[in-house]
Structure formats: structure tokens, C-alpha cells
Amino acid sequence: HMAFREVAIDLDGEAWVQEVNWWRTKKSDGAATRRTIMRLFYVLRMLWHRALELESSQAVSYTHTMVIRDDVLWYGDVDFRRILALSPKPEEPCLYTPHCGKGSTYFTKPGEFTDYVLMMDRRLAPHFIDLYTSLVSSKEASFLSSSAKSEIFLARLASTLNVTHVAVGQSQLPLQRAGRLNLPGRSLQLCLH
């Protein structure tokens, strides 16, 4: 097994890291953060290809897929049927993401999706699990890569693909991100979602 920091992205991913403005500030060019997110997306791409191999070898297709970031802590059970029932158009593919609301240190703003958990109809998986390819090789990438961060990119990708999105509350996706904020001029604080 390879440690996450040892994952090497390819030349297309490195070119994306150098060319886009995600997480660029007056004090930092943001390249380290962009490289980290591309490593995450690269690993998800590898896992997606493995899932495709399993579907093929077993002659079955998943109905839904879910991406859970490794810094998510669950504090309750999840009833997937209740989440799926939230879709306003059950016959169409839907993307479900956590909604961070009142009491959160990261309030989900309009035009952003919280990306700690992505649950989706299987038909959406190529776009939302293989985000690496969506960024480095799709025709929309030049428009979408101008997003300031991954949360905005996901919302723009969903809008471009005309995907139904459901923001799922804490009562149905009972999670807490195990993260911290390290902002200039402030002490470290827990990042509550």
C-alpha cells in the first residue's frame, strides 16, 4: 500500500495544478492545496476504474455510488432509502450532498456543494467520481477550472450537466468532518459541519 502523500499525479494533472487559480491568495499561490486535491481525485479515479472492472467481471451494475472522504466521522446511522426519497424527480439521476447549516463553521453557500460525501445515481458516477478526468480532459474543464475551489466546481459541474441536486440535512447524513481551520492571524479551531 502507498501513503497518500506518495501518490504521483500525471503530467496533465500537474499542468492543471500550475494553470488554475483554485485556493490562490495574496499570501499563497495555492499549488500545494491544488496538488493535494488532485491526488485525492487521482485516487478516486483509480478506485472508479476498479469498480468498473468489478461491475464487468460480475456482470452487474451498481444502482448508486457513494464517495466518502476519509476525514468524515459518522455519529449516527444512515438510511439510504430515506435519502433517495428526497429526490424531487425519482426517475432522473440525482446527486446528494451534505448541507451544512446553522451552527456550522462552514455554511454551505448558494452555488457550492459540501464535498465530504457525494451520493449519486450510478449514471452520474463517471462525472462525479472521476473528477480528475472532468478537470484535466473534458471540454468544460477550462470553464469549470476557473472555480475558486472544489465546492464551487461541483456545483458548476452539476449545473452544466443539468443534474438534480439534493442538499441532505444532518438528520439524514449524520456526519462531522474531522478537520481543523488554520487561518492566518487566528488560532487553530475545529471545523464543524
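The model is predicted, so local features require pLDDT of at least 70 and side-chain atom pairs count only at pLDDT 80 or more, while totals for chains, interfaces and linings use all residues. Residues are numbered from 1 along each chain as its sequence is written, and side-chain values use heavy atoms, with hydrogens and water left out. Helices (H or I, at least four residues) and strands (E, at least two) are DSSP runs, numbered from the N terminus.

**Helix H1**

- Gly13, Trp16 and Val17 are buried in H1 (residues 11-19); buried means under 20% relative accessible area, exposed over 50% and partly exposed in between, with a 1.4 Å probe and protein chains only.
- Viewed down the helix axis, the buried residues of H1 fall within an arc of 100°, so they line one face of the helix; the arc is that of the directions from the helix axis to the C-beta atoms.
- Leu11 and Glu19, on the other side of H1, are exposed.
- The cover over the buried residues of H1 includes helix H2 (31-58) and helix H5 (131-136), where contact means heavy atoms within 4.5 Å.
- The N-terminal end of H1 is capped by Asp10, with a side-chain oxygen 3.2 Å from the backbone nitrogen of Asp12.

**Strand S3**

- Five of the five residues of S3 (residues 94-98) are buried.
- Cys94, Tyr96 and Pro98 point one way from S3, whereas Leu95 and Thr97 point the other way.
- S3 pairs in the parallel sense with strand S5 (residues 164-168) over five bridges; two strands pair if DSSP finds at least two bridges between them.
- S3 is also joined by two bridges to strand S4 (residues 117-121), and these strands run antiparallel.
- Leu95 has His165 as its bridge partner in S5 and Met120 as its bridge partner in S4.

**Salt bridges**

- The structure holds seven salt bridges, each a side-chain nitrogen of Lys or Arg within 4 Å of a carboxyl oxygen of Asp or Glu.
- One of them joins Arg45 and Asp10 (4.0 Å, N to O); Arg45 lies in helix H2 and Asp10 in the segment before H1, 35 residues apart.
- Arg45 is partly exposed at 25% relative accessible area, and Asp10 is partly exposed at 27%.
- Another joins Arg69 and Asp115 (3.2 Å, N to O).
- Arg69 lies in the loop between strand S1 (64-68) and strand S2 (72-74) and Asp115 in the loop between S3 and S4, so the pair ties together parts 46 residues apart in sequence.
- Arg69 is buried at 18% relative accessible area, and Asp115 is buried at 8%.

Definitions and conventions
A polar contact is a pair of N or O atoms within 3.5 Å; within protein, one must be able to donate a hydrogen and the other to accept it, and residues adjacent in sequence count only if both atoms are side-chain atoms.
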